[in-house]
Amino acid sequence: MNRRQAEEYFFRGLMFISSTFIIMVLCHIIYSILSAGLPHLNWDMISKVPEGGYYFGKGGGILNAIIGSLYVAVGATSLALAIGLPVALFMNIHLTKWKKIVNGIRFLMDLLCGIPSIVYGAFGFTLMIFFGLRTSLLAGIITVTVFIVPIMIRAIDEVLMTIPRGLFESALSLGSTKSEISYRVFFKQSIAGIITAILLSFGRAIGDAASVLLTTGYTDYIPTSLNQPTATLPLAIFFQLSSPILEVRQRAYASAVILIAIILFISLLARILTYSYKKNKINY
Amino acid sequence: MRFRLFDISRKLRNSIHTSWMIASLSIVLLIPLVLTAGLVIKSLPLLEQQPLLTLLFSSNWKPLSGEFGFYPFIVSSVWVTILALLFSIPICLLTSIHLTQYAKKWVLKIMQPVIDILAGIPSVIYGVWGILVIIPFISDHVAPFLGKSSSGYSILAGSIVLSIMVIPFVLNILIELFNNIPVELSEASLSLGATRWQTIKFVVLKKGLPGIISSFGLGMSRAFGETIAVLMVVGNVAKVPTGILQPGYPLPALIANNYGEMMSIPQYDAALMLSAFILFVVVLFFNAGSRLLIIRSGKHN
């Protein structure tokens, strides 16, 4: 065996190790969260609000945070879809002639995607003060919407870019208006990808802590209006984990199991939906 | 065609849709402007009192007496980010080459969901994992091994957690990059008798160099702004760290930890907004630089 081959095998080994390492890290993360949290997961966790305060109370669960997170994530994802889908369609259908503008918007969206969520949180906080709001569900939804809109636009845009131009031209030649091409042709063609994009943004919205930390506040109760502070799952984990009481910290681990279960469920759902919609797609 | 009693005319519907599209595009384009303006206006009160350079390079952080030196936080951020990149660069490079040049289909079928899930795990979960695993590992094994004692809450812990978080992000960019390098180039090299690894070393890596550099730039900006996971394991002591086993206090953690008091101490809110603005500028700089590099090198080909 000469030097060249030895080098080849050496690096092949290293590559194999590093790929295996990544798989093992994921397994280890899931395993260690499950083993810390599963023993403390019970029905009370997901059916009751904290008893005696989330920081010191030993009883109850985190229903308030689960509901709160769903409120924030569903609200923000719907708002982001209402703004993001038209923008992505506009870029791919109305602006096809202006390549430079589209590329400029894409570049800007990419930059916005890269801005840390804590900056969005700080920005949301200044907006909140400016409009005289206090930490509330509404402020959280708006901040998270601003945070996920660029992600949603870029994700939908990536899907729309793969649709062949021919479809656009044939729909146009049949006399469709541009909005009909957008919503009846392009939207339907890319529905699988759009659902994946929505789920991706939803996962971001439900999992992000830094942006809601400054804007939604925290409470032990389930919010009944948009003006009330709201608990969210990531913050529930974060705050409970810093408690001096063992039972509360164990509840944090159990909450982490719930959050990771939600995220895994979303990711599984995205895969299944993508697969089942792909079967109905027109192929060329 | 189905008959509808109150059918709005198609043209009207088209113009309603189009104007909503333009309206939402304007909203989206307004975001960066309002974001920048908001952060600048909010941090101006502090900048008017003290010059920016003094703020950046002073290490006195005493909000109650109006002294705001960002130096310890900036140093911590830089340490954590650079260490995290050092840990993740080799893994990302090796794995992306493995997946794009060597791996069989079934390996890709396993790795793709693994990377997706890693990318989707919320940062607070990484933080919990850090507390459960990395902290005890550092205080029980790493610190004694180096002949020091540490609580585990340290720059090192923050950067290890961060490096794992950055891996899926950088990996995805690298995989896309290597997949876009023309196969003909490697085929030419292979047909001249080079081994696979030589082809990778002299052709693929060389061709992809600008992209590789910019992927790390993007990873860097991602790492620089990460908040909760780092905050949970890094210790949060406002002193200039002198070693990797000492606690640090990165900029995002500063904002996240102190927003509660910022309205009650004068100038404190301006200081925190200024740190958000510094974060914003640094991240934007690396992000824009890396993306421009990718675009430039793409045009060059």
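Analyst: Seven residues of domain 1 of chain A are in contact with seven residues of domain 2 of chain A. Two residues are in contact if their C-beta atoms, placed from the backbone, lie within 7 Å. By class, the side of domain 1 of chain A that touches domain 2 of chain A has five nonpolar, two polar and no charged residues. Here Ala, Val, Leu, Ile, Met, Phe, Trp, Tyr, Cys and Pro count as nonpolar, Asp, Glu, Lys and Arg as charged, and the others, Gly among them, as polar. The model is predicted: local features need pLDDT of at least 70 and side-chain atom pairs count only at pLDDT 80 or more, whereas totals for chains, interfaces and linings use all residues. Residues are numbered from 1 along each chain as its sequence is written, while chains are lettered from A and ligands numbered from 1 in the order in which they are written.

User: How many helices and strands does chain A have?

Analyst: Helices (H or I, at least four residues) and strands (E, at least two) are DSSP runs, numbered from the N terminus. Chain A has twelve helices and zero strands. Its C-alpha atoms fill a box of roughly 70 × 65 × 35 Å along the principal axes. Among the contacts in chain A with a separation of 6 or more, 76% join residues 24 or more positions apart.

User: What share of chain A counts as buried?

Analyst: A residue is buried if 20 or more other C-beta atoms lie within 10 Å of its own, exposed if 12 or fewer, and partly exposed in between, with C-beta atoms placed from the backbone. Of the 284 residues of chain A, 46% count as buried.

User: At what angle do the axes of H5(A) and H6(A) cross?

Analyst: Axes are lines fitted to C-alpha atoms, for helices over the stretch in contact, and angles run from 0 to 180 degrees between N-to-C directions. The axes of H5(A) and helix H6 (residues 137-161) of chain A come within 9 Å and cross at roughly 135 degrees. That makes H5(A) oblique to H6(A). Angles under 35 degrees count as roughly parallel, over 145 as roughly antiparallel, 65 to 115 as roughly perpendicular and the rest as oblique.

User: Which residues of H5(A) and H6(A) make the contact?

Analyst: H5(A) contributes Ser117(A), Tyr120(A), Gly121(A), Gly124(A) and Met128(A), and H6(A) contributes Ala139(A), Ile142(A), Thr143(A), Val146(A) and Phe147(A). By class, this contact has six nonpolar, four polar and no charged residues.

User: How is H5(A) oriented relative to helix H1 of chain B?

Analyst: The axes of H5(A) and H1 (residues 10-49) of chain B come within 10 Å and cross at roughly 75 degrees. The two helices are therefore roughly perpendicular to each other. Phe123(A), Thr126(A) and Leu127(A) of H5(A) meet Leu35(B), Gly38(B), Leu39(B) and Lys42(B) of H1(B). These residues divide into four nonpolar, two polar and one charged.

User: What is the phi of Asn236(B)?

Analyst: The phi of Asn236(B) is near 55 degrees, a positive value in a residue other than glycine. Asn236(B) sits in the loop between helix H10 (228-233) and H11 of chain B, and is partly exposed, with 19 other C-beta atoms within 10 Å. Helix H11 (residues 251-258) of chain B is mostly covered, with six of its eight residues buried.
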